[in-house]
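User: Please walk me through this model in questions and answers. Keep it brisk.

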Amino acid sequence: MTLDASASSADTGAPRPRLAFGRHLDWNWLGVVPFFLFAFLFLIGPVLYLVVGAFQNAQGQFTFANILELGSPNMVASFSLTIRLSLLSAAMGAIAGLLLGQAVILGGLPPWVRNAFTTFSGVASNFAGVPLAFAFIATLGRLGLVTVLLRDLFGINLYASGFNLFSFFGVSLVYLYFQLPLMFLIIAPALDGLKQEWREAAEILGASRSQYWQMIGLPVLLPTILGCFLLLFANAFGTLATVYALMGSGFDVVPIVLFQQIRGNVLYNPNLGYALALGMVVIMGVSNTLYLILRKRAERWQK
Amino acid sequence: MKKRFPLVAILTALFAASFFIVPLIATFYFSLKMVRGELGFAAYASVFGSAAFLQTISYSTVASLIAIVIGAVIIVPTAYWVRLKVPHLRPVVEFISLLPLIVPPVVLVFGYIRLFGSSSWLPLTTTATGTDILLVIGYVVLSMPYMFRAVDNGMAAIDIATLTEAAESLGASRLRTIALVIFPNVRAAIISGAFLTFSISLGEFVLASLLNRPAFGPYLVQLGQDRAYEPAALAIMAFGFTWACMALMQLFATRKPGQRWLPRLTKPAAQRTTP
C-alpha cells in the first residue's frame with residue numbers, strides 16, 4: 001500500500017521540466033526500492049495479512065464475526081486486564097518519573113546526580129524481558145532477599161500482609177523498573193524547557209512555589225506528560241517476555257493470550273487470533289500516534 | 001521561593017536510587033548463595049559449565065550479528081539516498097522505520113508464521129535454515145527504529161552532499177561512494193545502533209520461542225522454571241551486558257562530531273588525490 005503510494009509520488013515528482021537531467025532523475029526512487037521491498041515483505045505484508053484475516057472466516061469470506069467475538073467475555077476480560085495493568089504501570093511510571101525529574105533536574109541537586117540517573121536510566125529502560133523478572137523474583141519473590149530480610153530482621157511478613165509479586169500489583173511494580181527510567185528520560189527535555197524567566201516572573205508577582213506549579217509549570221508540561229503517559233501505556237501494553245517469565249502462561253494479558261494461541265491454537269480459531277492481533281496494533285498505534293501529536297504540540301514551548 | 005536546602009529533592013532521589021539498586025544488590029547476593037551456608041560463584045560456574053547455555057548464547061550471538069550486518073546494509077544506503085536524492089520520501093521512510101514500535105513482536109511473528117507457513121509462496125518456516133533466516137529478519141525489523149535513527153543522526157553530522165560530489169568528481173561509482181566514503185564516515189553511528197540492536201536481540205524471547213529456535217531467550221525462560229540460583233546469576237550478567245552495550249552505544253554515538261570527522265574528512269581525500 002505504502003509502497004505504491006511512494007513509488008507513484010516519485011514518478012509524478014520526477015518528470016518535472018528538468019530536461020537535461022530528466023533521464024537521471026527518473027531513476028532516483030530506485031535507490032530506496034530495497035528498503036521498501038524489505039519493509040513490505042517482512043513488516044507491512046505480514047501485518048496486512050493479519051488485518052485482512054481478521055475480517056475473514058475460515059473459508060476466506062468477508063465477515064465481522066471475528067471482530068465481534070472480541071466482545072466475548074474472556075476476550076473482554078483479557079483486554080480489560082491488559083489495559084488496567086498498562087494504565088496502572090504507566091501512571092506509576094509517569095508520576096514517579098516526573099517527581100524524580102523534578103527533584104533531580106530542578107531541585108537544586110548537584111549535576112552529577114542528574115548524570116548518574118540519566119546514565120542509569122538509559123540502561124534500566126532497556127533492561128526488560130526475562131532477566132528483569134528474574135531479578136524481581138530474587139528480590140521480592142517468596143524466598144527473595146528483601147522478603148526474607150524483612151521477615152528475619154524486622155518481623156514483617158510481606159506475603160502475609162497481602163503483598164504478592166505474582167499478582168496484578170506485583171507485575172506493575174516490575175514494569176515500574178523500566179517505566180520510571182523511560183519517563184525520566186523523555187520528560188527531561190521538557191523540564192529543561194521550563195524557562196527560568198517564568199519562575200522569576202511568577203516569583204516577582206508573588207506566587208508561591210505551589211502556585212507556580214499549579215498555574216505555570218504543570219499546564220506547560222501537561223501535553224508532554226500526557227504524551228509520555230501514552231508512550232508508557234503502549235510500552236506496557238506490548239510487553240510480553242517480562243510478564244511471561246514472571247507469571248507463566250496463565251496470566252491472561254492480551255500478548256500472552258495471543259502467544260498461547262500461536263503456540264497451541266487455544267482459541268480454536270486462527271481468524272480470532274488475527275482479530276486479537278489487530279486489536280493490539282490498533283491500541284498501540286493510537287497511543288503512539290497521540291504521543292507524537294502531543295509531542296509536536298509540546299515542542300512549541302521549547303522554541 | 002527562596003533557595004532552601006533541597007531536602008525533598010534529596011529524599012526523592014534517594015528513594016528512586018534505592019528502588020533501582022536494591023533489586024540489583026538483592027539479585028547479586030541471591031546469586032551467590034547457591035551453596036548452602038557460604039557465599040560463592042557456584043551459580044555462575046554452573047551457568048558457564050552448561051552446554052545448553054553455550055549453545056544458545058552462541059546461536060543468539062551469531063543471529064544478532066547477522067541481523068546487525070543486514071540492518072546496516074539496508075538502512076545506510078536508504079538513509080543516504082533519502083537525504084541526498086529523494087528527500088520528499090523522508091516522511092514515508094521515517095514512518096516505516098518507526099512502525100516496529102507500534103507492531104508488537106508477537107504480532108509480527110504471528111504474521112511471519114502465517115505468511116511464510118507451509119502453504120505459502122515462500123515457505124520459510126518449513127526448514128530450519130528458513131526459520132533461522134526469518135528470525136534474523138525479525139531482529140532486523142525490530143531494530144530498524146534504532147538503527148535508522150542512529151544512522152540518520154550520523155549522516156546529519158557529516159556533509160554527505162559534498163562528500164558525494166567529491167567522490168563523484170574523482171570518478172567513484174555510486175556503490176563505491178557508499179561503500180568507501182559514506183559507510184566509513186557513519187561507522188560510529190552504525191556501531192552505536194549495532195550495540196542497541198545487540199542488547200535487544202541477544203535475550204529476545206518472543207520471536208525465538210514462537211519460531212522454535214534454540215536461542216538464548218527461550219533457554220532463559222526454561223531455566224527460570226527449573227532452577228533458583230542460576231537465573232539470578234544470569235540476571236546480573238544480563239544487566240552488566242546491557243550496561244556495557246549502552247555505554248558503548250553512547251561512546252560511539254557521541255564520538256563523531258568532535259573527534260572523528262574532521263581528520264577523517266581530510267585524510268581519505270588526501271589519499272585519493274595521490275594516484
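This is a predicted model: local features need pLDDT of at least 70, side-chain atom pairs count only at pLDDT 80 or more; totals for chains, interfaces and linings use all residues.

User: How many helices and strands does chain A have?
Analyst: Helices (H or I, at least four residues) and strands (E, at least two) are DSSP runs, numbered from the N terminus. On that basis chain A has zero strands and 14 helices.

User: What percentage of the residues of chain A count as buried?
Analyst: A residue is buried if 20 or more other C-beta atoms lie within 10 Å of its own, exposed if 12 or fewer, and partly exposed in between, with C-beta atoms placed from the backbone. Chain A has 303 residues, and the buried share is 42%.

User: Into which domains is chain A divided?
Analyst: Domain bounds come from an automatic or database domain assignment. For chain A they give domain 1 (2-54) and domain 2 (73-302).

User: Which helix of chain A gives the most to the side that touches chain B?
Analyst: Two residues are in contact if their C-beta atoms, placed from the backbone, lie within 7 Å. By that rule 65 residues of chain A are in contact with 64 residues of chain B. The top contributor on the chain A side, with 11 residues, is helix α3 (residues 33-54).

User: Are α5(A) and α9(A) parallel or oblique?
Analyst: Axes are lines fitted to C-alpha atoms, for helices over the stretch in contact, and angles run from 0 to 180 degrees between N-to-C directions. Helix α5 (residues 73-106) of chain A packs on helix α9 (residues 168-193) of chain A at about 45°, with axes 6 Å apart. Angles under 35 degrees count as roughly parallel, over 145 as roughly antiparallel, 65 to 115 as roughly perpendicular and the rest as oblique. Therefore α5(A) and α9(A) are oblique.

User: Is Asn212(B) buried or partly exposed?
Analyst: Asn212(B) sits in the loop between α10 (206-210) and α11 (216-226) of chain B. Its phi is positive, near 60°, in a residue other than glycine. Because Asn212(B) has 14 other C-beta atoms within 10 Å, Asn212(B) is partly exposed.

Methods: Residues are numbered from 1 along each chain as its sequence is written. Chains are lettered from A and ligands numbered from 1 in the order in which they are written.
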